[in-house]
Amino acid sequence: MILKGSQRGNAAKLATHLMNMQDNEHVSLHELRGFMSEDDLHGALKESEAIAKGTRCQQHLFSLSLNPPQDQRVDTAIFEAAIELAEQRLGLDSQPRAVVFHEKEGRRHAHAVWSRIDTDTMTAKQLSFTKRRLMELSQELYLQHGWDMPKGMIDCAAKNPLTFTRAEWQQAQRTKQDPQIIKAIFKDAWQRSDSADALKAALEARGYYLAKGDRRGIVAVDYRGEAYALSRWSGVKAKDVTARFKEVEALPSIEEQKQRLGGLVADKLRSHAQELAAGHKKLRPALELRRTQMVERHRTERTELAHLHKHREAREAAARAARLPQKGLGKLWSRLTGKYSELKAQSEHDAWQALRRDQAERDKMIAKQLDERQRLQEAIKKQREEQLQELMSIRQQLANVMLMKQGKNPTIMPKDAAQKLRPQVRSADRARETRQGQGRERERSRGPNRGFER
């Protein structure tokens with residue numbers, strides 16, 4: 001289970017993010033502990049912010065995300081145990097806490113938020129070495145549950161070379177490109193070239209043209225006008241880029257390169273790209289309709305189960321209360337004989353067992369819905385892959401036209417573009433599919449409700 005934490009301020013913004021129903025298919029406020037507000041996350045975090053104003057602490061919250069392996073079905077009890085362990089390791093015991101579950105694209109993860117303010121001393125809890133402590137706990141959770149540990153967690157040197165940051169992901173999303181493919185392009189071009197001219201030619205063959213950036217050194221500009229920092233996307237240090245390019249000033253500026261590219265791009269290929277995008281927009285609603293209908297049906301099923309649990313809990317609570325003598329000689333005699341204590345202990349035990357039963361039923365429903373959602377996600381991923389290949393083909397055609405306008409011969413045929421860029425990504429996909437299959441086998445062999453066995 002990957003654990004990532006950070007100190008935060010701005011309680012209202014964090015609460016809005018955690019309860020965001022637009023970017024998540026299911027959002028569940030699982031727990032509010034230590035707050036006056038019992039069912040409102042915004043109110044609870046604003047309460048924490050109000051208390052923090054009595055101190056000089058600006059980042060009065062600590063936010064933790066818990067992401068289990070993609071191929072595993074993790075019960076709520078396992079999430080709760082991981083949150084408790086993280087709380088102890090970070091020294092946030094008994095601090096006010098909120099827990100929220102998110103589901104999206106067939107995956108479930110959790111967020112936990114603590115208030116750092118100790119109301120007895122009106123000081124903030126000191127958090128030191130949080131990254132190292134969370135990494136150690138994450139490794140323990142992988143070993144404890146028998147999950148396949150990521151190579152980067154075993155050895156930092158074995159980290160996936162195509163791993164990208166959030167900024168890189170967002171930039172790739174703006175241009176509707178797979179960030180792994182983009183990074184593979186830059187890394188392949190850098191490794192295959194031994195000079196600035198060779199690198200320039202290798203990138204131009206892929207549709208990226210070097211330019212002098214304003215603050216990011218050397219960048220590559222594509223036909224959309226999007227600029228990519230060469231060092232970041234190639235996975236090398238800035239000093240290595242500087243060492244290879246001795247005459248940076250000879251490169252055109254970003255604006256000059258954009259104007260030049262605008263003149264090179266053929267109008268017909270632009271229309272092809274627009275037709276391609278329009279065609280995919282016509283195909284997308286079919287899957288989107290299935291997704292939205294599935295999400296609404298799953299929400300209805302969960303609401304109905306919650307109502308069932310609520311009514312059953314009320315009936316069972318009334319039945320447990322009826323066991324205990326309420327007044328008169330019967331209550332006095334039961335206390336004297338010790339019968340009252342026995343009945344009370346039995347009622348508490350039955351209530352705890354009912355709570356575990358309800359949680360097991362919720363976990364079973366969620367697991368079933370996640371399996372159904374992931375099957376739909378496979379169809380969505382297939383459509384995205386087809387769109388990616390077509391877009392890469394259009395990109396390569398544009399790159400070839402630009403090369404021909406410069407009097408050069410195209411080196412890669414459009415139909416081979418996407419396939420030639422896939423080797424590194426394809427091997428990672430096969431390994432992930434193997435892990436998912438092994439994970440499903442382990443899940444079937446373990447059986448349900450394993451989270452309560454401990």
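Three cavities are worth a look here: the structure holds 3 cavities of 30 Å³ or more. The model is predicted, with local features needing pLDDT of at least 70 and side-chain atom pairs counting only at pLDDT 80 or more, while totals for chains, interfaces and linings use all residues. Residues are numbered from 1 along each chain as its sequence is written, and side-chain values use heavy atoms, leaving out hydrogens and water.

A cavity is a set of points on a 1 Å grid over the protein atoms alone where a 1.4 Å probe fits but cannot get out, and lining residues have an atom within 4 Å of a point. Volume is the space filled by probe spheres set on the points, which are joined across faces, edges and corners. The largest cavity contains about 60 Å³ of space. Its lining includes Glu25, His26, Glu105, His298, Arg302 and Arg373. Two or more lining residues come from each of β4 (97-104), α12 (267-323) and α14 (339-405), with α14 giving the most, at 3 residues. These elements are DSSP runs numbered from the N terminus (helices: H or I, at least four residues; strands: E, at least two).

Elsewhere, the axes of α7 (residues 179-192) and α8 (residues 196-204) come within 8 Å and cross at roughly 150 degrees. Axes are lines fitted to C-alpha atoms over the stretch in contact, and angles run from 0 to 180 degrees between N-to-C directions. Phe186, Ala189 and Trp190 of α7 meet Leu199, Ala202 and Leu203 of α8, contact meaning heavy atoms within 4.5 Å.

Note on methods
On a 1 Å grid over the protein atoms alone, a cavity is a set of points where a 1.4 Å probe fits but cannot get out, and a pocket is an open set with protein on both sides within 12 Å along at least five of seven lines; lining residues have an atom within 4 Å of a point.
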